[in-house]
Amino acid sequence: MEIFAQLAIILAFGFAGEILARALPLGMPASVLGMILMLIALGSKMLKPSQLGKTADFLGSHMAFFFLPVAIAIIENFSFIRPVVWQFFGICMVCTIVTFSLTYGTVRLCRVLLRGRV
């Protein structure tokens, strides 16, 4: 039952992000807005990490599962990608490096900002 409550909290933040994305002309994805809202709630201690613990750990450890639909779509549409496969591969590599770098920077910034509060 605890996992369902934690999942409901995570989905509620995702839903709030969806509402914000539709209501505000920010041009940001709803999932990003939901994560920003969750970060604000965690930073302000309205939400405690222990309230998300088991479900967040489960989702994090099974993250590869969420990429299966994308991988299947790429395989199904490979005939469209074949002429530009090296450019596609290059863009994926650059985007991966940029994403990892930004994630690293964001985590470091959050640790500095939340030092002593978490």
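A crossing of two helices is called left-handed if the near helix is turned anticlockwise from the far one by less than a right angle, and right-handed if clockwise. In this predicted model, local features need pLDDT of at least 70 and side-chain atom pairs count only at pLDDT 80 or more, while totals for chains, interfaces and linings use all residues. Residues are numbered from 1 along each chain as its sequence is written, and side-chain values use heavy atoms, with hydrogens and water left out.

The protein chain holds 6 helices and 0 strands, helices (H or I, at least four residues) and strands (E, at least two) being DSSP runs numbered from the N terminus. Read from that end, the order of elements is α-α-α-α-α-α. The radius of gyration, taken over C-alpha atoms, is 18 Å, well over the 13 Å that the globule rule gives for 118 residues, so the chain is more spread out than a compact globule. That rule is 2.2 Å times the number of residues to the power 0.38. Along its principal axes, the C-alpha trace spans about 50 × 35 × 35 Å.

Helix α1 (residues 2–23) meets helix α2 (residues 30–43), their axes coming within 7 Å and crossing at roughly 120 degrees. Such axes are lines fitted to C-alpha atoms, for helices over the stretch in contact, and angles run from 0 to 180 degrees between N-to-C directions. The pair is therefore oblique; angles under 35 degrees count as roughly parallel, over 145 as roughly antiparallel, 65 to 115 as roughly perpendicular and the rest as oblique. The α1 and α2 crossing is right-handed.

Lys45 sits in the loop between α2 and α3 (53–61), and its phi is near 65 degrees, a positive value in a residue other than glycine.
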